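Biologist: Before we go through this model together, could you keep each answer tied to what the coordinates show?

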Amino acid sequence: MDKLLIFNSFCLVSLKPKISIIVPTFNNTHYIDECISSLMESSSGLSYEILVGIDGCQKTYDHLKDKVYPGNIKIFYFKENRGPYLIKNTLANESSSEDILFFDSDDVMLKPSIPKLIGLSKKYEVTKFKLLNFVGDFDISNTKGKSIFAEGVFHIKKSLFLSMNGFEPWMCA
């Protein structure tokens with residue numbers, strides 16, 4: 001699969017990250033900035049990398065191509081739209097950490113989540129998140145309804161994920 005790595009970094013990170021966060025995105029200029037910011041804030045002070053895969057969408061590419069991120073945030077542009085599962089598989093192979101977190105580009109991460117996940121990753125090979133729907137701002141007290149498991153958001157050991165051959169590379173609507 002043809003992909004282009006966009007190098008717009010202001011520093012290089014030489015430490016092996018404790019966690020690699022993989023974010024596929026398509027036609028998302030409204031939420032992607034907030035998503036990346038929330039992941040950076042939740043990971044602040046930790047060793048991490050964020051791999052964003054743009055799935056053949058020129059609009060999202062144009063939105064992100066000139067942004068400057070730290071060296072541990074890498075933006076990949078896949079020239080052909082092939083679906084999020086192929087993006088996730090490809091970036092899992094590119095990731096530098098044994099711990100992978102798959103995250104959706106229209107979600108935000110609560111600040112204490114990544115440190116808690118890193119702690120859980122020492123005990124569990126797979127960790128699923130619960131989804132909270134917010135009313136207004138992203139204050140935990142402003143949630144509505146029940147929390148449910150977020151289907152596309154989970155942590156898994158890279159070796160386990162790759163041993164199962166990743167996702168089926170299906171397109172989805």
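Biologist: Is Asp62 buried, partly exposed or exposed?
Modeller: In this predicted model, the side chain of Asp62 meets that of Lys65 in a salt bridge, at 3.8 Å from N to O. Lys65 has a relative accessible area of 28%, so this residue counts as partly exposed. For Asp62 the relative accessible area is 37%, and therefore Asp62 too is partly exposed.

Biologist: In what sense do strands E3 and E4 pair?
Modeller: Within this pairing, Leu51 stands opposite Lys74 in E4. The chain crosses from E3 through helix H2 (residues 58–64) to E4, and this β-α-β crossover is right-handed. Strand E3 (residues 48–55) and E4 are joined over six bridges, and the sense of their pairing is parallel.

Biologist: How far apart in space are Val23 and Leu51, C-alpha to C-alpha?
Modeller: Val23 has its place in strand E2 (residues 19–25), and at 0% relative accessibility Val23 counts as buried. Leaving aside neighbours within four places in sequence, Val23 is in contact with residues including Ile32, Leu39, Leu51 and Phe103. Although Val23 and Leu51 are 28 residues apart in sequence, their C-alpha to C-alpha separation in space is 6.2 Å.

Biologist: Which residues have the most contacts inside the largest nonpolar core?
Modeller: The largest nonpolar core has 26 residues, and E2, helix H1 (32–42), E3, H2, E4 and H4 each supply at least two residues of this core. Not counting residues up to four places away in sequence, Ile21 touches, among others, Leu39, Ile50, Leu101 and Ile114. Inside this core, the residues with the most contacts are Ile21, Val23 and Leu101.

Biologist: Within what arc do the buried residues of helix H4 fall?
Modeller: In helix H4 (residues 113–121), the buried residues are Ser113, Ile114, Leu117, Ile118 and Ser121. Seen down the axis of H4, these buried residues line one face of the helix, because they fall within an arc of 135°.

Notes:
Residues numbered from 1 in each chain as written. Predicted model: local features only at pLDDT ≥ 70, side-chain atom pairs only at ≥ 80, totals over all residues. Heavy atoms only, no water. Helix = DSSP H or I, 4+ residues; strand = E, 2+ residues; numbered from the N terminus. Buried < 20%, exposed > 50% of the residue type's maximum accessible area, 1.4 Å probe, protein only. Contact = heavy atoms within 4.5 Å. Pairing = 2+ DSSP bridges. Right-handed = clockwise from strand over helix to strand, strands pointing away. Arc of directions from axis to C-beta. Core = buried A, V, L, I, M, F, W, Y, C linked by side-chain atoms within 4.5 Å. Salt bridge = Lys/Arg side-chain N within 4 Å of Asp/Glu carboxyl O.
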